[in-house]
Amino acid sequence: MPVYYYIFLAVALFCIGIIGVLIRRNAIIIFMCVELMLNAANLLLVAFSKMHHEVLGSNQQSAAGDAQIFVFFIMVVAAAEVTVGLAIIVMLYRNTHSVDVNFLNRLKN
Amino acid sequence: MSIVEILFWFLSILALGGAAMVVASKSPVHSILYLILTFFAISGHYILLNAQFLAIVNVIVYAGAIMVLFLFVVMLMNLNADSEPQQKNKWLLYIGGIAGGSLLLVIVAALKQTAATTQLVQMNNGDAGLIKNLGMVLFTEYVFPFEISSVLFLSAMIGAVVISKKEA
C-alpha cells in the first residue's frame, strides 16, 4: 500500500472532525470531533512508522517503535483530557441546563 | 485485488462513513455509537499495519473507556434528538462545511505534489508494533515520560473531582 492512501484517509478524517467542530453546537459532539481529529493523527503516525520500517529495513527497529510509543502517549493525554473536559461539560450543564456552547458567552460578564 | 487491499478499502469506508455520521446524526447517543464504529475501523487499520499493541490499546482505552464515559455523561444529562441545540443561522452551517472542505482540498492538492508519498507502507508483517518490542522501548528509553504520565493522570483525576464538586 503506498503511504498516500493513508495520508488522504487521515486528512479526510481530520477535516470531518474540523467540520463537526465548526457546525455543531452541542459541546459533547464538539468534544467527540476533537477525539476524531486526534485519532486521525494517530493513524497517520502509525502509517509513517511502518513506512519508515519499510524504507530503512528491520535493523532500524527503534525508529519505528518511537512513533508507536508517541501514539501511546497521545492516547494517555487524550484520556486525561476527556476526564477534565467531561467534568467541565457536566458543570456547564448543571449551571445552564443545556450543552449549547453558545451559552458559554456568559463568561464575558 | 489482494485481501489486504480489500480490507483496507472496507475499513476506510467504514471509518469515513462513521465519522460523517458522527457529525450528521441528530441524537448524541447515535453520534457516540458511530464514533465507536469509527474507532473500531481505525483499530482494524492498526491490525492491518501489524501494530497489534496499539490496536488493542485503542479498543480498550478509546472504544472501551472513553466512549463509555461519553455515553455515561449523555445518559446522565438525558440528552436526545429533541433537546439538541439547533443552529439558528443556516449560513454558519454552510460556511463551516465550505471552510472544512476547502481545507481538505488545499491539503490534498499540496500533498499530491510531494514525491515521498509514493513510498510503500509495510503491511501485514514487521515486528516493530509487537508488545515485546514496544515494551522494551517504553521501559528503557521512555521510562521517564511514562512515570510523568502517572502524575498527569493524578492531576487530571484531582481536577475532575474539584471541577465537578458542587459549589466548592
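## Chain A

Which pattern does chain A follow, read along the sequence? In this predicted model, chain A follows the pattern α-α-α. Its secondary structure accordingly comes to 3 helices and 0 strands.

Of the 109 residues of chain A, 45% count as buried. Among the contacts in chain A between residues at least 6 apart in sequence, 52% join residues that are at least 24 apart.

## Chain B

Chain B has 6 helices and 0 strands, and its pattern along the sequence is α-α-α-α-α-α. Of its 168 residues, 25% count as buried. When contacts in chain B between residues at least 6 apart in sequence are considered, 59% of them join residues at least 24 apart.

The overall dimensions of chain B can also be described. Along its principal axes, the C-alpha trace of chain B spans about 50 × 40 × 30 Å. The radius of gyration of chain B is 20 Å, whereas a compact globule of 168 residues would have a value near 15 Å.

## Domains of chain B

Chain B is divided into two parts: domain 1 covers residues 3-129, and domain 2 covers residues 130-168. The centres of these domains of chain B, taken over C-alpha atoms, are separated by 24 Å. The contact between them takes 5 residues from domain 1 of chain B and 4 residues from domain 2 of chain B. On the side of domain 1 of chain B that touches domain 2 of chain B, the residues divide into 2 nonpolar, 2 polar and 1 charged.

## Contact between the chains

How many residues does each chain give to the contact? Chain A provides 64 residues and chain B provides 68 residues. On the side of chain B that touches chain A, at least two residues come from each of α1 (3-24), α2 (28-48), α3 (52-77), α4 (90-112), α5 (131-140) and α6 (143-164) of chain B. By class, this side of chain B has 49 nonpolar, 18 polar and 1 charged residues.

## The nonpolar core

The largest nonpolar core has 65 residues, and those with the most contacts inside it are A:I28 and A:M32. Both chains contribute to this core: α1 (3-23), α2 (27-56) and α3 (61-96) of chain A each supply at least two of its residues, as do α1, α2 and α3 of chain B.

The surroundings of A:M32 give a local view. With its neighbours within four places in sequence left aside, A:M32 is in contact with B:V22, B:S31, B:I32, B:L35 and B:F70.

Terms used
Residues are numbered from 1 along each chain as its sequence is written. Chains are lettered from A and ligands numbered from 1 in the order in which they are written. This is a predicted model: local features need pLDDT of at least 70, side-chain atom pairs count only at pLDDT 80 or more; totals for chains, interfaces and linings use all residues. Two residues are in contact if their C-beta atoms, placed from the backbone, lie within 7 Å. Helices (H or I, at least four residues) and strands (E, at least two) are DSSP runs, numbered from the N terminus. Ala, Val, Leu, Ile, Met, Phe, Trp, Tyr, Cys and Pro count as nonpolar, Asp, Glu, Lys and Arg as charged, and the others, Gly among them, as polar. A nonpolar core is a set of buried Ala, Val, Leu, Ile, Met, Phe, Trp, Tyr and Cys residues joined through C-beta atoms within 7 Å. A residue is buried if 20 or more other C-beta atoms lie within 10 Å of its own, exposed if 12 or fewer, and partly exposed in between; C-beta atoms are placed from the backbone. Domain bounds come from an automatic or database domain assignment. The radius of gyration is taken over C-alpha atoms; the globule rule is 2.2 Å times the number of residues to the power 0.38.
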